[in-house]
Amino acid sequence: MSVPGDRKYLQSHEWHKLDGPVVTIGITQIAADELTDVTFVALPKVGTKLSAGKSFGEIESVKATSDLISGISGEVIEVNDQLTANPALVNTDPYTAGWMVKVKPSSPDEMAALLDVTAYEKSSGH
C-alpha cells in the first residue's frame, strides 16, 4: 500500500490529515505492518488536550507496545470507538477506518512543521 500524499507525518509513523478545522490522526501502514497484529489501542477521552510531540495514547500488538505521538497541539473532539471492539482495523485499514482521534488544533501552523509524504518515505526507508 502506498503512503497517501494528502496528509503530513511524523518520523514515529503517525499521520495527520487536515480536513477544514479538524485534524484526524492515525498510524501509517508501515507502522501497522511493523507492529503486526494490533490487539489493543488506548486512546484519550473527548476533551483531552494534546501537546505537539507528546504521547496521546498507546498501541499494543503481539510484538510490542508503542506510544502514539501527536504532531500538533489541540483538543480531542472525537475518538474512534470502533478500535475498542476491533483494534485490527489499524492493520487492515489504517488510513480510513483505523483512524484514532480527531483534534481541533490550537496552533494550526504546527501542521507545516510535519513531514510531507516524500520526506516521510525517505525517513522511514520506504
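Colleague: Why is His16 called buried in this predicted model?

Modeller: The relative accessibility of His16 is 0%. Buried means under 20%, so at 0% His16 counts as buried.

Colleague: Where does His16 lie?

Modeller: His16 is part of strand 2, which covers residues 14–19.

Colleague: Which residues does His16 touch, leaving aside those up to four places away in sequence?

Modeller: Among them are Arg7, Lys8, Val23, Ile25, Ile69, Gly71, Met111 and Leu114.

Colleague: What makes the pair His16 and Gly71 a polar contact?

Modeller: A polar atom of the His16 side chain lies 2.8 Å from the backbone nitrogen of Gly71. The cut-off is within 3.5 Å, and 2.8 Å meets that distance.

Colleague: What is noted about the phi of His13?

Modeller: His13 has a positive phi, about 85 degrees, and is not a glycine. Most residues other than glycine have a negative phi.

Colleague: Where is His13, and why is His13 called buried?

Modeller: His13 sits in the loop between strand 1 (8–9) and strand 2. Its relative accessibility is 14%. The limit for buried is under 20%, so His13 counts as buried.

Colleague: Why is Thr36 called partly exposed?

Modeller: Thr36 has 27% relative accessibility. Buried requires under 20% and exposed requires over 50%. The value of 27% falls in between, so Thr36 counts as partly exposed.

Colleague: In which loop is Thr36 found, and what is its phi?

Modeller: Thr36 is in the loop between helix 1 (29–35) and strand 4 (38–42). Its phi is near 65 degrees, a positive value in a residue other than glycine.

Technical notes. Residues are numbered from 1 along each chain as its sequence is written. This is a predicted model: local features need pLDDT of at least 70, side-chain atom pairs count only at pLDDT 80 or more; totals for chains, interfaces and linings use all residues. Side-chain values use heavy atoms; hydrogens and water are left out. Helices (H or I, at least four residues) and strands (E, at least two) are DSSP runs, numbered from the N terminus. Buried means under 20% relative accessible area, exposed over 50%, partly exposed in between (1.4 Å probe, protein chains only). A polar contact is a pair of N or O atoms within 3.5 Å; within protein, one must be able to donate a hydrogen and the other to accept it, and residues adjacent in sequence count only if both atoms are side-chain atoms. Contact means heavy atoms within 4.5 Å.
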